[in-house]
Amino acid sequence: MIVYEYPFNERIRTLLRLEDLYEKFQFFVHQPDPMQHHVALSTIFDMLEVAGRADLKSDLLQELERQRQTLLGYRLNPNVQPEMLDAILAEVDSVSSALVAAQGKTGQNVRDNEWLMSIRGRTIIPGGACDFDMPSYYAWQQRPAEQRYSDIVTWFTPLAPLFDALALVLRLLRDSGAPVKMIAVAGSYQQMLQGKVYQMLRLTLDETSGAIPEISANKYMLWVRFTTQGGDLKPKPLEDQVPFELTLCNF
């Protein structure tokens with residue numbers, strides 16, 4: 001099954017972009033090749049660009065506190081397992097405390113490192129980080145993989161509390177919705193939202209269907225148009241019936 005996600009607002013869009021960058025970073029940083037570590041380092045620079053909003057940290061803290069208060073309201077619900085509730089509350093408290101303890105602007109340690117900033121400036125230029133442009137960076141790339149890994153993890157560590165908070169917020173958001181089975185007639189599906197506010201849509205498809213959803217939505221209407229790819233990979237309208245699962249998520 002393939003899961004497609006669609007953010008309803010800019011805040012969730014930013015969180016999903018950061019999550020995507022973090023997944024790429026985690027993959028490349030654990031590879032041994034210098035080229036792969038170059039991608040991991042470049043991904044940290046991309047994270048700083050996306051996370052440059054000054055209010056991202058406060059947004060996450062406010063959302064975690066709001067979720068904490070909501071979860072506390074479930075204590076008297078007989079259908080809620082107290083052990084699971086306590087575990088989630090403990091995780092929210094731990095992640096919030098770590099984020100509060102993170103001093104300064106997000107990624108300031110990287111911005112304060114002149115050498116890293118010089119690399120960042122060169123990587124913006126296509127092919128700008130060649131050995132003849134930055135011999136010191138090339139020399140660093142020749143170091144043992146374990147040392148390069150240790151350096152990159154050290155540079156990333158101050159960012160970790162932000163990504164832990166981001167991961168928890170997105171997990172709670174994804175868990176907030178219940179999937180509903182739907183069928184798109186002639187490759188198209190519409191649903192009136194009647195002004196109800198959602199944060200994110202999740203659409204699950206059988207990968208063997210060959211269908212690709214193109215999603216647009218606002219607070220009044222949701223529209224999904226399914227396409228397929230031919231030999232040239234250019235999307236083409238799909239006129240078949242397409243079964244899928246739809247999850248509307250909201251805190």
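Start by selecting Leu15, Phe25, Leu41, Ile44, Leu60 and Ile152, which touch the most other members among the 45 residues of the largest nonpolar core. A nonpolar core is a set of buried Ala, Val, Leu, Ile, Met, Phe, Trp, Tyr and Cys residues joined through side-chain atoms within 4.5 Å. Buried means under 20% relative accessible area, exposed over 50%, and partly exposed in between (1.4 Å probe, protein chains only). The model is predicted: local features need pLDDT of at least 70, side-chain atom pairs count only at pLDDT 80 or more, and totals for chains, interfaces and linings use all residues. Residues are numbered from 1 along each chain as its sequence is written, and side-chain values use heavy atoms, with hydrogens and water left out.

Leaving aside residues up to four places away in sequence, Leu41 touches Leu116, Ile119, Tyr137 and Trp155; contact means heavy atoms within 4.5 Å.

Then move to a second, separate core of 17 residues, which includes Leu205, Ala211, Leu222 and Phe244.

Strands are DSSP runs (E, at least two residues), numbered from the N terminus. Met192 is exposed, with a relative accessible area of 52%.

Finish with Lys196, in the loop between β3 and β4 (200–205). Lys196 is partly exposed, its relative accessible area being 49%.

Terms used:
Helices (H or I, at least four residues) and strands (E, at least two) are DSSP runs, numbered from the N terminus.
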